[in-house]
Amino acid sequence: MIKALFFDIDGTLVSFKTHQIPVSTIEALEAAKAKGIQIFISTGRPRVIINNLAALQERKLIDGYITMNGAYCFVDDTVIYKSPIPAAEVDALTGFCHERNLPCILVGEHDICVNQPGELVTEIFNRQLKTDPIPPKPYTDNHSDKEYYQLTPFINIEEEQLLLPSIPNCEMGRWHPAFVDVTAKGNTKQRGIDEIIRHFGIRLEETMAFGDGGNDISMLRHAGIGVAMGNAKDDVKAAAGYVTTSVDDNGIANALKQYGIIES
C-alpha cells in the first residue's frame, strides 16, 4: 500500500512547455490526498526559487520538501535535515569557475547568488525556468564564514571530469546539459526520501517517486515504485520500474491510475 508520493518539479509536475502544472495532475493529487496519501516535493531547486507550485500549495496538498537534491529537507517550518558542502570544496569549485569565467550559482540556507553571471544564466533560469533574477555576487576565494548547501556550476561533461578530483566529498547530479548541481557527498534525492520517511514513520516499500532528470535516478531506483515520465531520457527510464506518459500527456494521473492509487 502506497502511503507517500515524491515528485520532482521541472519536467515532472511542471511542464517545460507551459510552465504550469497540468489540471489532470492537480486533480490526481487531490484524489490521492483525499485517500490519506502524503505528498512530498523532491527537487534540485532550493526553497528560494520554488515559485511554480502555487496550485498545489494553495490547496494544502504538500506535506514536506526535499530540496537541493536532498541536501536540505523541511516540513512546514521545521528543518529535518541539512548538510552543507565543505568550505574547502566550495573554494575549489568556485575557483575553478572563476579561472574559466564560468557562471556558478551558490545556495545558502536562505539565499542564492551567482558568480560570473551571464546571458546563459538569464536564459535558462529567468526565461526558461521562470525564476526571479539571481543576484550577482563578486567571487571570493574563501567561504569559511558561510555554509553553502548546493553549487551549480555551468560546466559541460568534460569540465565536470576535470573538476571532480578537486571535490572528493561532493555529489554531482545533472538534469540540464548546461550545468550540474553539486551537493555534499551522500546528499541525493534518495537520501531525502530516507529523511522524510524516517520523520513520518513511513516504510520505504510504501513510497512512490516520479521524475524525469538525471538527478532523479537515485530516488527512482530507491523508492518502492519508481516512475519515469514519458519525456525523460533513456537512462532515467531505465532506472524506473514503470514509464508513464509525458508531463503534458497526463503522465502523473495515468501512473497513479495504473497502480490503483486513484480511481480510473
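Q: What is the volume of the second largest pocket?
A: The second largest pocket has a volume of about 200 Å³. A pocket here is an open set of points on a 1 Å grid over the protein atoms alone, with protein on both sides within 12 Å along at least five of seven lines, whereas a cavity is a set of points where a 1.4 Å probe fits but cannot get out. The volume is the space filled by probe spheres set on the points, with grid points joined across faces, edges and corners.

Q: Before we go on, what kind of model is this?
A: This is a predicted model, in which local features need pLDDT of at least 70 and side-chain atom pairs count only at pLDDT 80 or more, while totals for chains, interfaces and linings use all residues. Residues are numbered from 1 along each chain as its sequence is written, and side-chain values use heavy atoms, with hydrogens and water left out.

Q: Ok, which residues line that second largest pocket?
A: The lining, meaning residues with an atom within 4 Å of a point, consists of Arg47, Ile50, Gln57, Lys60, Leu61, Ile62, Gly64, Tyr65, Phe74 and Asp76. By class the lining divides into five nonpolar, two polar and three charged residues, where Ala, Val, Leu, Ile, Met, Phe, Trp, Tyr, Cys and Pro count as nonpolar, Asp, Glu, Lys and Arg as charged, and the others, Gly among them, as polar.

Q: Where is Ile50 found?
A: Ile50 is found in the loop between strand 2 (38-42) and helix 2 (54-57); helices (H or I, at least four residues) and strands (E, at least two) are DSSP runs numbered from the N terminus.

Q: Is Ile50 buried or exposed?
A: Ile50 is buried, with a relative accessible area of 14%, given that buried means under 20% relative accessible area, exposed over 50% and partly exposed in between, for a 1.4 Å probe and protein chains only. Not counting residues up to four places away in sequence, Ile50 touches Ile9, Thr43, Arg45, Gln57, Tyr65 and Thr67, where contact means heavy atoms within 4.5 Å.

Q: Now the largest pocket: what lines it?
A: The largest pocket, with a volume of about 490 Å³, is lined by 30 residues, of which Arg174, Trp175, Gly213, Gly214 and Asn215 lie nearest its centre. Strand 9 (170-176), strand 10 (179-184), helix 7 (217-222) and helix 8 (234-239) each supply at least two residues of that lining, and the largest share, six residues, comes from strand 9. The lining of the largest pocket divides into six nonpolar, 13 polar and 11 charged residues.

Q: And which domains does that lining draw on?
A: The lining of the largest pocket draws at least three residues from each of domain 1 (4-82 + 187-259) and domain 2 (87-184), with bounds that come from an automatic or database domain assignment. The centres of the two domains, taken over C-alpha atoms, are separated by 24 Å, and the contact takes 20 residues from domain 1 and 20 residues from domain 2.

Q: How many cavities of 30 Å³ or more are there?
A: The structure holds two cavities of 30 Å³ or more. The largest cavity has a volume of about 100 Å³ and is lined by 14 residues, of which Gly44, Arg45, Pro46, Ile49 and Phe125 lie nearest its centre; the lining divides into eight nonpolar, four polar and two charged residues.

Q: Where does the second largest cavity lie?
A: The second largest cavity lies between domain 1 and domain 2, because both domains give residues to its lining. About 30 Å³ of space lies in this cavity, and among the residues that line it are Pro46, Arg47, Met68, Val107 and His110.
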